[in-house]
Amino acid sequence: MHELSMKVVEIAQSGGPEALQISERSIPEIKSGEVLIQVAAAGLNRADIMQRNGKYPPPPGASDILGLEVSGTVAAVADDVTNLTVGDQVCALLAGGGYAQYCTAPASSCLPIPGRLDWISAAAVPETFFTVWTNVFMRGQLKRGESVLIHGGSSGIGTTAIQLAGAFGAEVFATAGSREKCDACLQLGARHAINYRKQDFVEEIREQTNGRGVDVILDIIAGSYLPRNIKCLAMEGRMVIIATQGGYRTDLNVLPIMIKRLTVTGSTLRARTAEQKAEIARELLQHAWPLLEDGTVSPIVDSVFSMQDVRKAHRRLDSGAHVGKVILKMDA
Ligand SMILES: NC(=O)c1ccc[n+]([C@@H]2O[C@H](COP(=O)([O-])OP(=O)(O)OC[C@H]3O[C@@H](n4cnc5c(N)ncnc54)[C@H](OP(=O)(O)O)[C@@H]3O)[C@@H](O)[C@H]2O)c1
């Protein structure tokens with residue numbers, strides 16, 4: 001390989017996993033506030049599938065290469081970066097560019113690798129921890145002693161949300177699409193897991209909470225789930241929408257929102273400013289990193305694929321059979 005070039009995964013043309021191919025590109029140049037990372041591993045996300053399908057263009061200024069999170073070694077730092085030096089081992093949240101041997105990242109979106117984690121596990125951390133922290137704890141204001149319903153409990157996001165909510169003293173309910181996935185949610189600390197294909201989660205939550213409902217819902221479905229979520233919320237409850245797998249629209253009776261004084265909110269992470277991401281990173285370092293350090297919470301890795309097997313990795317995510325994160329290991 002030429003010294004200044006690197007192997008990347010490119011989208012040849014929008015479509016299925018076969019759209020992905022390995023090619024060569026120049027190693028990206030760092031801008032002010034950024035570091036260059038030699039990537040050890042990259043986490044896969046549902047957003048990568050949407051981008052591969054041509055339905056989720058990268059935000060302005062972001063790399064067109066897939067990949068929202070990596071682990072690796074800092075290979076260069078911009079002159080104005082003071083908190084990192086060459087050789088530091090980090091995991092980083094990216095706006096794109098992670099499926100490559102090198103990527104750039106804002107220094108403020110890099111976090112030290114928690115002591116116990118290897119490269120693979122560290123690559124499984126950033127996207128889910130940033131997303132869960134900013135939505136469940138910052139927006140949703142989940143507190144010790146409260147209860148939370150996490151939809152898609154066996155997803156990358158769900159497995160982190162169950163563990164973090166439990167670690168901070170909340171009672172956790174989760175939905176998932178099979179008995180095996182429900183069992184995985186229970187093992188991660190959920191008090192009750194609901195197989196949404198066989199059970200009505202509104203009925204289950206009503207029964208499990210003696211009619212009170214839950215304080216917070218992390219929703220990845222939207223659409224027809226919205227009125228059902230509202231039925232599940234307790235007085236002063238908060239619903240945080242982070243994806244719309246069930247569609248953008250629904251017919252909603254707003255009266256319960258007023259009567260129960262509910263808060264309906266949501267967010268996307270990728271398009272947030274570097275400063276907003278830095279604020280989340282600071283909170284994670286303070287509140288979540290000690291739990292990763294002592295093993296109270298751990299990223300759940302479903303499977304690991306080599307760079308050459310990126311199509312297989314995407315097929316695994318497409319299949320929906322995974323529990324936790326699918327990881328891509330980069331060529332050295
Ligand atoms: N807004 C943000 O900032 C942000 C950031 C990261 C991720 N996200 C979103 O969060 C979601 C999870 O992300 P991920 O990367 O962790 O994806 P993932 O691992 O692929 O998980 C998707 C999950 O959705 C579940 N699901 C599908 N239909 C469902 C239903 N009707 N009820 C309950 N669960 C259902 C699937 O479980 P079953 O197989 O059991 O159905 C699967 O576990 C994705 O939609 C992603 O786009 C949003």
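Helix H6 (residues 201-208) and helix H7 (residues 225-232) have axes that come within 9 Å of one another and cross at roughly 10°. Here helices (H or I, at least four residues) and strands (E, at least two) are DSSP runs, numbered from the N terminus. Axes are lines fitted to C-alpha atoms, for helices over the stretch in contact, and angles run from 0 to 180 degrees between N-to-C directions. H6 and H7 are therefore roughly parallel to each other, since angles under 35 degrees count as roughly parallel, over 145 as roughly antiparallel, 65 to 115 as roughly perpendicular and the rest as oblique. On the H6 side, the contact (heavy atoms within 4.5 Å) is made by Phe-201, Val-202 and Ile-205; H7 contributes Tyr-225, Arg-228, Asn-229, Lys-231 and Cys-232. These residues divide into 5 nonpolar, 1 polar and 2 charged. In this division Ala, Val, Leu, Ile, Met, Phe, Trp, Tyr, Cys and Pro count as nonpolar, Asp, Glu, Lys and Arg as charged, and the others, Gly among them, as polar.

The structure is a predicted model, in which local features need pLDDT of at least 70 and side-chain atom pairs count only at pLDDT 80 or more, while totals for chains, interfaces and linings use all residues. Residues are numbered from 1 along each chain as its sequence is written, and side-chain values use heavy atoms, with hydrogens and water left out.

From H3, the contact involves Glu-127, Thr-128, Phe-129, Thr-131, Val-132 and Phe-137; from H4, it involves Gly-156, Ile-157, Thr-160, Ala-161, Leu-164 and Ala-165. The residues of this contact comprise 7 nonpolar, 4 polar and 1 charged.

How many disulfides does a search of the whole structure find? The search finds 0, a disulfide being a pair of cysteine sulfur atoms within 2.5 Å. For Cys-182, the nearest cysteine sulfur is that of Cys-185, 5.9 Å away. The sulfur of Cys-232 lies 15 Å from the closest cysteine sulfur, in Cys-182, which is too far for a bond. Cys-182 is buried, with a relative accessible area of 7%, and Cys-232 counts as buried at 1% relative accessibility. Buried means under 20% relative accessible area, exposed over 50%, and partly exposed in between (1.4 Å probe, protein chains only).

Two serines in strands may be considered next. Ser-5 is found in strand E1 (residues 5-11) and counts as buried at 10% relative accessibility. Leaving aside neighbours within four places in sequence, Ser-5 is in contact with Glu-24, Arg-25, Ser-26 and Ile-27. Ser-5 and Ile-27 are 22 residues apart in sequence, yet 5.2 Å apart in space, C-alpha to C-alpha. Ser-147 lies in strand E8 (residues 147-150) and is likewise buried, at 4% relative accessibility. Beyond four places in sequence, the contacts of Ser-147 include Leu-142, Glu-171, Phe-173 and Arg-212.

Gly-67, by comparison, lies in the loop between helix H1 (46-52) and strand E4 (69-77). At 2% relative accessibility, Gly-67 counts as buried. Not counting residues up to four places away in sequence, Gly-67 touches Asp-48, Leu-94, Gly-96, Gly-97, Gly-98 and Tyr-99.
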